[in-house]
Amino acid sequence: MPFTQSDREHMARALVLAERGLYTTTPNPRVGCVIVRGDEVVGEGWHEAAGKPHAEVNALEQAGARAQGATAYVTLEPCSHHGRTPPCADALAKAGIARVIAAMQDPNPRVAGEGFARLAAAGIDVEHGLMDHEARELNIGFVSRMTRDRPWVRMKVAARLDGRTALANGKSQWITGQAARSDGHHWRARACAVLTGIGTLKDDDPRLDVRHVHTPRQPLKVLIDSRLEAPPAARLFNGGRTLVFAAAEYPERAQALRARGAEIAVLPNAHGKVALGKMLKELGRREINELHVEAGFRLNGSMLEEGCVDELLVYLAPSVIGDSGRGMFRLAAISDLAEQRRFSIADVAQIGEDVRIIARVA
């Protein structure tokens, strides 16, 4: 049965509801649900946080007895397993829902079609695929973790029109205007973790917290510091959780950082650096869906060369400083344009006086 304009409108509303959990649902997906009986919306809900009721349960509670014979529009396949909460597929069947329209199938191997099968077995008409793209975009990190065992990596770079991110001495604050910096904090807030490298820590002493937008939780702070050179007095360690990846054991340095509340994880590669691919797998194991990177040109280049970047979030300021400044990425020289790394432009927008470009690895 083809989807109607009414179906699209109700699913669009469910997606708006799902986005209310943008900063809070991690490690769970962002999900919204709208229950419609006839032409009347009788229940709405969204998932607020892990351990709290899922979107379907919240919508059913609002609908009450009016859920009997109704249609449920949900942005993700209803779960079929007992996790932190009971299966939503059972709750929908028990409430007498007649039809379920889902935006996308759950990429979680524990569900992946089982929720739909459970609904169909209960006599419920099931359809999915309506606004699938929008639902996936909202949960791009969750999909990545479920299908690749690693987070979606979004790398933020602030540069001038000539591509320079800092002076030759490493000084970079501030390149963009307040509007762009606030927008950048929105992307920090939606991420599960924010990562930087020891070079940026030494140059800028960043806090890596969310300050310019309201958020009920702060993301995990992650530092790549192969030799544990971070000074314990760095602002990074002022409150919140901090995870430091090192390439070797440095007991005295590690003890000083642990005294500041940091956790140390040792993941060396063959060159005495942190193994970036293994680091992403470890972050996936720790249920990190979206990783937001704000680092210097050296680490940016290393992550790009090792296939550890999915998306670039680039802010361009209307100024130039010339060839003496640092670039966005330090990459190995190429001799043929066929070797260049290609991206697809996903979005371009003006943010205050600056331009924001979202580009994805092609």
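This is a walk through a predicted model, stop by stop, with something to select at each one.

Before you start, note that residues are numbered from 1 along each chain as its sequence is written. Because the model is predicted, local features need pLDDT of at least 70 and side-chain atom pairs count only at pLDDT 80 or more, while totals for chains, interfaces and linings use all residues; side-chain values use heavy atoms, with hydrogens and water left out.

**The whole protein**

Begin with everything shown as a cartoon. You will find 11 helices and 14 strands; helices (H or I, at least four residues) and strands (E, at least two) are DSSP runs, numbered from the N terminus. The radius of gyration (taken over C-alpha atoms) is 23 Å. That is close to the 21 Å given for 362 residues by the globule rule, so the protein is as compact as a globular protein of that length. The rule is 2.2 Å times the number of residues to the power 0.38. Along its principal axes the C-alpha trace spans about 65 × 45 × 40 Å.

Now try a surface view. The protein exposes about 16,600 Å², of which carbon and sulfur atoms supply 50%; the area comes from the Shrake-Rupley method with a 1.4 Å probe. Buried residues make up 52% of the 362 residues. Here buried means under 20% relative accessible area, exposed over 50%, and partly exposed in between (1.4 Å probe, protein chains only).

**The sheet of 5 strands**

Go back to the cartoon and select 32–37, which is strand S1. S1 belongs to an open sheet of 5 strands in the order S2-S1-S3-S4-S5, with mixed pairing; two strands pair if DSSP finds at least two bridges between them. At the edges are S2 (40–46) and S5 (125–128), each pairing on one side only.

Next, select 71–74 and 99–102. These are S3 and S4, which pair in the parallel sense over 4 bridges. Within that pair, Thr71 has Arg99 as its bridge partner.

Contact means heavy atoms within 4.5 Å.

Two backbone details are worth a look here. Thr26 and Pro27 are joined by a cis peptide bond, with omega about 5°, and Pro27 sits in the loop between helix H1 (5–18) and S1. Ala112, in the loop between S4 and H4, has a positive phi near 30° although it is not glycine.

**The sheet of 9 strands**

Where are the edges of the other sheet? Its order is S10-S9-S8-S7-S11-S6-S12-S14-S13, an open arrangement with mixed pairing. Select S10 (262–266) and S13 (343–351): each has a single partner strand, so one side of each is left without a neighbour in the sheet.

Then select 276–285. This is helix H10, lying across S6, S7, S8, S9 and S11 and running at about 150° to S9.

**Charged pairs**

Side chains of opposite charge can pair when their charged atoms come close. A salt bridge here is a side-chain nitrogen of Lys or Arg within 4 Å of a carboxyl oxygen of Asp or Glu, and the count comes to 28.

Asp310 lies in the loop between H11 and S12, and Arg148 in helix H6, so the pair ties together parts that are 162 residues apart in sequence. Asp310 is buried at 9% relative accessibility, whereas Arg148 is partly exposed at 29%.

Next, pick Arg188 and Glu294, a salt bridge whose closest N and O atoms are 2.9 Å apart. Both residues are buried.

For a last stop, select Arg286 and Glu282, a salt bridge with its closest N and O atoms 2.8 Å apart. Then highlight Arg30, Glu137, Arg154, Arg190, Glu290, Glu311 and Arg360: salt bridges that share partners join them into one network.

Definitions and conventions
Axes fitted to C-alpha atoms, helices over the stretch in contact; angles between N-to-C directions.
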